[in-house]
Amino acid sequence: MGFSYSAFISYRRSGGAYVARAIREGIERANPELHVFIDLDELSSGNFNEALLRVIANTPNFILVISHDTFSRISNENDWVRRELTEAIRLKRNIIPVFEAGTSFPTAYQLPDELRILPEFNGVEYSPQHHQEAIKRLISFFR
């Protein structure tokens with residue numbers, strides 16, 4: 001089965017929505033054959049939970065936008081960023097962290113057990129001043 005999206009973007013709405021949309025627009029502008037999923041723009045009616053997990057299952061690349069508050073609720077098992085990440089790790093998706101200026105991963109011991117592998121992933125630094133370079137690097141990470 002082919003993928004209908006090239007990448008799924010996971011982000012914290014309160015801190016990462018602007019960057020998530022900028023990344024999607026940049027990727028799709030740089031290569032119109034690539035389609036990027038963002039929940040706010042792509043989901044319509046139906047079961048939100050099932051739809052998100054289905055898209056992750058059918059998308060090869062998982063982009064995690066890391067803003068200042070990305071890990072603020074990660075200890076909550078029902079947190080959507082945690083659920084999306086857990087599913088992406090379980091399915092062995094190509095996880096690509098995108099770090100906003102001044103952000104990084106917490107240490108492994110600060111993460112829930114199933115997410116402790118996160119700091120091992122190589123990521124991309126993102127800033128509006130270096131948007132084009134970040135998009136090129138991000139696309140080079142795609143499978």
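I count two strands as paired if DSSP finds at least two bridges between them. Helices (H or I, at least four residues) and strands (E, at least two) are DSSP runs, numbered from the N terminus. This is a predicted model, in which local features need pLDDT of at least 70 and side-chain atom pairs count only at pLDDT 80 or more, while totals for chains, interfaces and linings use all residues. Residues are numbered from 1 along each chain as its sequence is written, and side-chain values use heavy atoms, with hydrogens and water left out.

**Sheet.** I found an open sheet of five strands in the order S2-S1-S3-S4-S5, with parallel pairing. Its edge strands, S2 (36–37) and S5 (124–126), each pair on one side only. S1 (residues 7–10) joins S2 in the parallel sense over two bridges; Ala7 has Val36 as its bridge partner in S2.

Which loop holds Thr59? I traced Thr59 to the one between helix H3 (48–57) and strand S3 (61–66). A polar atom of the Thr59 side chain lies 2.6 Å from the backbone oxygen of Val55.

I placed Lys92 between helix H4 (80–90) and strand S4 (94–100). Lys92 has a positive phi of about 60 degrees, though it is not a glycine. Most residues other than glycine have a negative phi. Lys92 is exposed (over 50% on that scale), with a relative accessible area of 66%.

How values were computed
Buried means under 20% relative accessible area, exposed over 50%, partly exposed in between (1.4 Å probe, protein chains only). A polar contact is a pair of N or O atoms within 3.5 Å; within protein, one must be able to donate a hydrogen and the other to accept it, and residues adjacent in sequence count only if both atoms are side-chain atoms.
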